[in-house]
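Please read it alongside the sequence and the coordinates.

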Amino acid sequence: MESILTSGGDVPSQASHEETWQQIAPMLDGAMEQLGQKDHDAVVLRFFENKNFAEVGAALGASEDAAKMRVNRAVQKLRKFFTKRGVALSGAAITGAISANSVQAAPIGLSAKILAASLAITPAIGITMITKILITGLTTTAITVGIYAVHLQNQIGLLQEQQASFGQQIAQLSIERNDATNQLAALRQENTQAQANELELLRLRNEVTQLRNGQNVLPQSSPLKTNSPPRSAAVSILVETKFVLFPADDVQALGLRWTTDTEGNRVSLLTDQQFKTLTEAMQGASDVSVVSTPRVVANNGQQAVIGVTRAHALFFPDGTNEMPRVTYTNIGTVLDVRPFYSTNTSIFTMSYSAKLNVMSGDPSQPDIQTIEATNRMDLSPGQTAVMEMKIPSGAWMPDETNSPAGLRSLLLFATPQVVDSRDFNKAP
């Protein structure tokens with residue numbers, strides 16, 4: 001899949017931009033409508049407002065890398081839209097034509113939407129757009145110098161009135177932003193407390209497990225060593241995972257370096273920063289769905305199993321007037337993991353098996369399909385393993401309100417972290 005984030009090679013001529021624009025202009029409104037809100041705003045800022053990726057990220061509240069990834073995916077969606085309607089173009093050709101024509105050559109409907117999107121992002125951008133449109137209208141009107149001066153003066157007066165109105169809107173938005181900031185700070189504090197409570201619960205469970213395992217073992221005395229490394233029995237491993245349904249055609253746009261394991265599944269390793277950027281880019285995407293985020297604590301080298309499922313009733317008529325037979329099955333994810341941490345090499349060796357139960361076929365009498373995959377990977381501290389599993393066409397989850405369009409992949413992210421059980425007993 002091509003990328004639009006870097007440039008190179010021959011630069012398309014102005015004539016080719018005009019030819020491409022004539023092809024896509026009648027369909028551009030419809031193409032922009034099918035984008036999600038954040039993808040739509042990213043395209044407007046990048047190609048209609050000529051903002052760089054840092055400015056796009058700042059306007060969307062994201063990092064520069066996340067903005068690049070979002071713009072890349074949005075352009076690929078535009079390209080697919082035009083291709084389905086008989087206009088096969090590269091992403092570079094589309095973006096070049098849009099940038100060359102910008103707002104002045106865009107259809108009237110799209111120009112209004114660009115202005116509305118700009119105002120929704122920041123009032124300052126909106127003022128710039130209004131000024132550009134008015135000045136363009138003035139310069140294209142064949143009038144005398146005197147009439148032009150009077151008209152321009154009137155327009156300046158209107159702009160000043162509009163600027164005053166925008167100033168009031170900015171003040172109101174600032175108040176609303178401060179309120180939202182305070183609410184966000186309160187929510188973050190509640191989230192931090194909830195995470196602390198969850199870790200405390202995991203610690204207590206780990207202590208209970210160790211107490212149960214050591215009920216019949218007599219204590220042994222040993223000399224104190226102030227600088228001795230932690231014993232392997234005191235080490236536990238926290239494994240945090242995330243199951244995500246992702247459009248199969250867009251997986252390549254994530255920019256990951258994939259390798260194929262013995263079962264045919266694609267796997268990759270992410271740094272902590274790459275994982276944060278990827279998670280940030282996926283947030284708010286309408287075609288991305290987080291199925292579950294299970295986490296489990298396992299003793300070093302021991303197996304742990306965790307499932308995030310729910311029972312779903314299936315009705316099977318028996319061909320008579322009797323009540324249909326009801327069968328309950330678990331729909332969701334199950335993770336079976338055995339992590340090991342080597343204190344000599346500081347390397348994690350993680351063996352895990354993932355399973356996802358989904359539904360397919362007629363919603364009134366659906367079938368149950370199980371997608372399974374196993375993997376074994378070596379990771380350094382701070383790395384995250386990701387594995388891609390293909391989802392059968394037409395598969396769906398019970399809580400999905402719309403039938404998914406196109407093929408999807410299940411991306412499993414797994415991040416191990418060493419936890420010393422003795423640290424749990426320290427005062428905060």
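Two residues are in contact when heavy atoms of theirs lie within 4.5 Å. The model discussed here is predicted. Its chain has an average pLDDT of 77, and 71% of the residues reach at least 70.

**Packing of H4 and H5**
- Helix H4 (residues 64-84) packs with helix H5 (residues 91-101) at an angle of about 100°, and their axes are 9 Å apart.
- H4 is therefore roughly perpendicular to H5.
- On the H4 side, Val75, Arg79 and Phe82 meet Gly91, Ile94 and Thr95 of H5.
- This contact of H4 with H5 comprises three nonpolar, two polar and one charged residues.

**Second largest pocket**
- The volume of the second largest pocket is about 670 Å³.
- Its lining is made up of 23 residues, and Glu240, Phe275, Arg295, Thr415 and Gln417 lie nearest the centre.
- Two or more lining residues come from each of helix H8 (145-213), strand E1 (235-247), helix H9 (272-282) and strand E11 (408-420).
- E11 gives the largest share of this lining, with five residues.
- Sorted by class, the lining of the second largest pocket has 10 nonpolar, eight polar and five charged residues.

- Residues 5-9 have pLDDT under 50, and the model gives them four contacts beyond four places in sequence.
- Residues 104-108 also have pLDDT below 50, with nine contacts in the model beyond near neighbours in sequence.
- Where pLDDT is low, predicted coordinates should not be read in detail.

Technical notes
Residues numbered from 1 in each chain as written. Predicted model: local features only at pLDDT ≥ 70, side-chain atom pairs only at ≥ 80, totals over all residues. Heavy atoms only, no water. 1 Å grid on protein atoms, 1.4 Å probe; cavity = no way out; pocket = protein on both sides within 12 Å on 5 of 7 lines; lining within 4 Å. Points joined across faces, edges and corners; volume = space filled by probe spheres on them. Helix = DSSP H or I, 4+ residues; strand = E, 2+ residues; numbered from the N terminus. Nonpolar A, V, L, I, M, F, W, Y, C, P; charged D, E, K, R; others polar. pLDDT = per-residue confidence, 0-100. Axes fitted to C-alpha atoms, helices over the stretch in contact; angles between N-to-C directions. Parallel < 35°, antiparallel > 145°, perpendicular 65-115°, else oblique.
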